[in-house]
Amino acid sequence: MEISGWLIFMLLVQVIHGIGTWKLYVKAGRKAWEAFIPVYNGIVLMQIINRPKYWILLLFIPVINLFLFPIIWIETLRTFGKKSTLDMVLGVVTLGLYIAYVNYTQETTYHPNRDLKAPNKTMDTLGSISFAVVVATLVHTYFIQPYTIPTSSLEKSLLVGDFLFVSKFHYGARTPLTPIAAPMVHDTLPVIKVKSYLEKPSLPYFRFPALQKIERNDIVVFNWPADTLYHMYKAADKRYDKPIDKKTNYVKRCTAIPGDKIEIKDGIIFIIGKESILPERAKPQYFYLVKTKETPIDNIKEYYQITEGYPLFEINNEIWNKPGLKDELISRYGFEEIKKDSLTSVITGQIDQEIYNKLGLIISTNYFYGNLTFEKFNQLKSDSRIATVTRQISKTAEDGIFPDKQDGKPSKYNNWNRDNMGPIYIPEAGKSVELNKETLPFYKKVIGEYEGNDLKVNGDEIRINGEVETSYTFKQDYYWMMGDNRHNSLDSRYWGFVPADHIVGKPIFIWMSIDGINDGIKNWSIRWDRLFTTVSGKGQPQSYFQYFLIALAVYFGFDYFRKKKKKKEEA
């Protein structure tokens, strides 16, 4: 819904409010016209029902107002003597319209000094719960959101099982686009697994002023632009275009900002021609081909705690060299020959159990692929038990690499891969790019989907909103996000740019970290050295957990002696 539509809707609500309540305003000693003036009528109503004026501000905050409106309806009815359970239920289920019925058909008495306490224990409990939900939703939506690292795309910088606090206000808190939604859940209600929101009505995009801009190499939480899953807990066989704020949350490192030109050469990132230097806390990983001498590979993996990798396989050369078989296996399964001697060859590829049995393969005892940081690579390289350690660099075309296929036809950029691609210009708001068959694949989704234009291509002719165009000016900023786990991360190399309106927030703090989080509670173990550590900063992360415990002990000690002193004074 556009801003003009919302203004009309809000005006209509104010008119309905005035028509439905003006007699009650008069009964409370106010003027009838005061019920019709936007915002002012709310301030007056808060005075009538003896509630804080700041509640009016909360009524304009999406999601939070869903809880506050029913409270105000009930408080209004109670102020005018309608305080039975039936009155309260009718006030809520009619979305406040029951107040209009009372306004015109019931004899009411204004109680300016009524008891503000709940009439019974049930209502008191409901009031306390509602207040807690309002506060928690306010904090969750506009200030701090808890977040869990579910995948290894940022290993070893952030670990699977890290529990983060994500700041919404660093990059500017975003108002929900889906105002009618369950609080403190994402796109799906747990257990029952149904949508947690209504798509309509929707609010126009708005973001509060930011404390800082996104810088290169910042770790950022954002809504995954390519998310078309029906919901995030269960696979589906149909496309589903979600509202922006209900797309799946991703966390990656921002490797390029608006206006940059990014290029990846042999896995190394270059920005405007210069190598991008990662911060000290970043721990990028790549797959390496490791060859041992005598030591079994399982011993090496366990010693160096290599948790990500995959085996290689040995095949008898009599089978491998059968006429046409090698070429067929390479084309169909992506087999690659790693080593060959007189008797056997070491190969890798998409090997399933059927192929494994059919070809008589065995798992190599001397070769394996391991996902390593630079630090671990150097350790292996100097280990006398290791023959060679070689970083794997993709040289051939890889399916699915941005910009991939356009209109079902292969792009000329399909010779790119995860380690070699670019240069690519990152769109900046207000800047223009030339449009032609060469550049359109990069910005087609930006123009048509992210910025809402009608884009049509007919031969060499590009039409935007019906007009032939040879250039395009971007409406918002875009970012390039990548995982530190460079060979095991679904990121901008596959789906392109992240629009500014998809930015969620900045991870600032790890408050809990559980190793084996996906392996069942019996296998959980707390990573004590990661508790209460900051995500960003100079030097290696330092845990502040001990200081937290000291502060907690001081607080409880102070509270104990304060209460003891108070009891002594009362005695």
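Lining the largest cavity are K156, Q285, Q305, I306, T307, E308, N371, L372, T373 and K376. The model is a predicted one, in which local features need pLDDT of at least 70 and side-chain atom pairs count only at pLDDT 80 or more, while totals for chains, interfaces and linings use all residues. Residues are numbered from 1 along each chain as its sequence is written, and side-chain values use heavy atoms, with hydrogens and water left out.

A cavity is here a set of points, on a 1 Å grid over the protein atoms alone, where a 1.4 Å probe fits but cannot get out, whereas a pocket is an open set with protein on both sides within 12 Å along at least five of seven lines; lining residues have an atom within 4 Å of a point. A search of the whole structure finds one cavity of 30 Å³ or more. Strand β12 (residues 362-373) gives the most to the lining of the largest cavity, with three residues; helices (H or I, at least four residues) and strands (E, at least two) are DSSP runs, numbered from the N terminus.

The table sets out the two spaces, with volumes taken as the space filled by probe spheres set on grid points joined across faces, edges and corners. Ala, Val, Leu, Ile, Met, Phe, Trp, Tyr, Cys and Pro count as nonpolar, Asp, Glu, Lys and Arg as charged, and the others, Gly among them, as polar.

| Space | Volume | Lining by class |
|---|---|---|
| Largest cavity | about 50 Å³ | two nonpolar, five polar and three charged residues |
| Largest pocket | about 1800 Å³ | 39 nonpolar, ten polar and no charged residues |

The largest pocket is lined by 49 residues, of which F9, M10, V13, L59 and F69 lie nearest its centre. Helix α1 gives the most to this lining of the largest pocket, with 15 residues, and α1 (3-27), α2 (40-48), α4 (64-79) and α6 (97-105) each supply at least two residues.

Helix α1 also provides the largest share of the nonpolar patch, three residues. That surface patch, of about 660 Å², is made by L11, V15, I19, W33, F36, I37 and Y104; patches consist of residues with over 30% relative accessible area and no salt bridge, like charges being joined within 9 Å and nonpolar side chains (Val, Leu, Ile, Met, Phe, Trp, Tyr) within 5 Å. A salt bridge is a side-chain nitrogen of Lys or Arg within 4 Å of a carboxyl oxygen of Asp or Glu. Y104 is found in helix α6.

Methods
Accessible areas come from the Shrake-Rupley method with a 1.4 Å probe; for residues, only the protein chains shown count as cover.
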